[in-house]
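Please read this briefing alongside the sequence and the model.

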Amino acid sequence: TNENYQSSALQLRPEIQSALLRNQVAEDNLKIAQRAYYPTVMAGANLYLGSPHMRYVPPTDVLHTTWDVGVGLTWNITNLYTNRHVIAENEAIIKQAKALQLQTTDNVKSEVYQSYLAYSEALDKTRVSAKAVDQAHENMRVSESRYNNSLALVSDLTDAQAAQIQAEISLIIARADAQIAYYKLQKSAGNF
């Protein structure tokens, strides 16, 4: 059904996945910008191995090992005043990304619906063409019978043959169109 194809498209289409990722990136950027209000704590450690070692006086030709540990706190106070513009920009980007996601979703749903309608119409056309072939065969049988009983002219028989061939060609074209419409539907649903 159309709903199955649309749900498949919403899960598999790369445009939808891209829009979701854009939303996630925008939200992550907003979180990063909001964290700029807070101080940053850093910790580090060093291990020194040297001969002669610069921390030992007088220098000797012995292998010495030393170490140090440190903790640092940095806080950019100007971010308290300037960061609100960055946050406002990121909030606007989030709104834009969500609007783009809704537009992309609507476009995909519309494309799937159009493809589904085209496929349904192609199937209907195939059924009608199959009935036309059956009627053309019956018309040919009647025309042959009438011709064999000297009730119809050769031109009537050739007209019936031409109509039968035309109906068969129309059926082949309708089947090909239905196959193309099916593959377009599968592509729009994200299955290819």
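The points below are grouped by topic, after a short note on conventions.

This is a predicted model, in which local features need pLDDT of at least 70 and side-chain atom pairs count only at pLDDT 80 or more, whereas totals for chains, interfaces and linings use all residues. Residues are numbered from 1 along each chain as its sequence is written, and side-chain values use heavy atoms, with hydrogens and water left out.

**Helix packing**

- Two packed helices are described by the angle between their axes and the distance between the axes.
- Helices here are DSSP runs (H or I, at least four residues), numbered from the N terminus, and their axes are lines fitted to C-alpha atoms over the stretch in contact, with angles that run from 0 to 180 degrees between N-to-C directions.
- α3 passes α4 in a left-handed crossing (the near helix is turned anticlockwise from the far one by less than a right angle, and clockwise if right-handed).
- The contact of α3 with α4 has 23 nonpolar, 10 polar and eight charged residues, where Ala, Val, Leu, Ile, Met, Phe, Trp, Tyr, Cys and Pro count as nonpolar, Asp, Glu, Lys and Arg as charged, and the others, Gly among them, as polar.
- α2 and α3 pack at an angle of about 165° with their axes 9 Å apart, which makes α2 and α3 roughly antiparallel to each other, and their crossing is left-handed.
- In the contact of α2 with α3, the residues divide into 13 nonpolar, eight polar and five charged.
- For α1 and α3, the axes come within 9 Å and cross at roughly 140°, which makes α1 oblique to α3, and the crossing of α1 and α3 is right-handed.

**Aromatic pairs**

- A search of the whole structure finds three aromatic pairs, that is, rings of Phe, Tyr and Trp (its six-membered ring) whose centres lie within 6.5 Å, with planes under 30 degrees apart counted as stacked, over 60 as edge-to-face and the rest as tilted.
- One of the pairs is formed by Y119 and Y182, and it is tilted, at 5.5 Å centre to centre and with 50° between the planes.
- This pair links distant parts of the chain, as Y119 is in helix α3 (residues 79–148) and Y182 in helix α4 (residues 154–188), 63 residues apart.
- Y182 also forms an edge-to-face pair with Y183, at 5.6 Å centre to centre and with 65° between the planes, and ring pairs link Y119, Y182 and Y183 into a cluster.
- Y119 counts as buried at 18% relative accessibility, whereas Y182 is partly exposed at 29% and Y183 is partly exposed at 41% (buried means under 20% relative accessible area, exposed over 50% and partly exposed in between, with a 1.4 Å probe and protein chains only).

**Loop residues**

- R13 lies in the loop between α1 (2–12) and α2 (14–35), and R13 counts as buried at 8% relative accessibility.
- The side chain of R13 reaches the backbone oxygen of S188 at 2.6 Å.
- S150, in the loop between α3 and α4, has a positive phi of about 60° although it is not a glycine, and S150 counts as exposed at 65% relative accessibility.

Methods. Helix = DSSP H or I, 4+ residues; strand = E, 2+ residues; numbered from the N terminus. Polar contact = N/O pair within 3.5 Å; in protein donor to acceptor, adjacent residues only side chain to side chain. Parallel < 35°, antiparallel > 145°, perpendicular 65-115°, else oblique.
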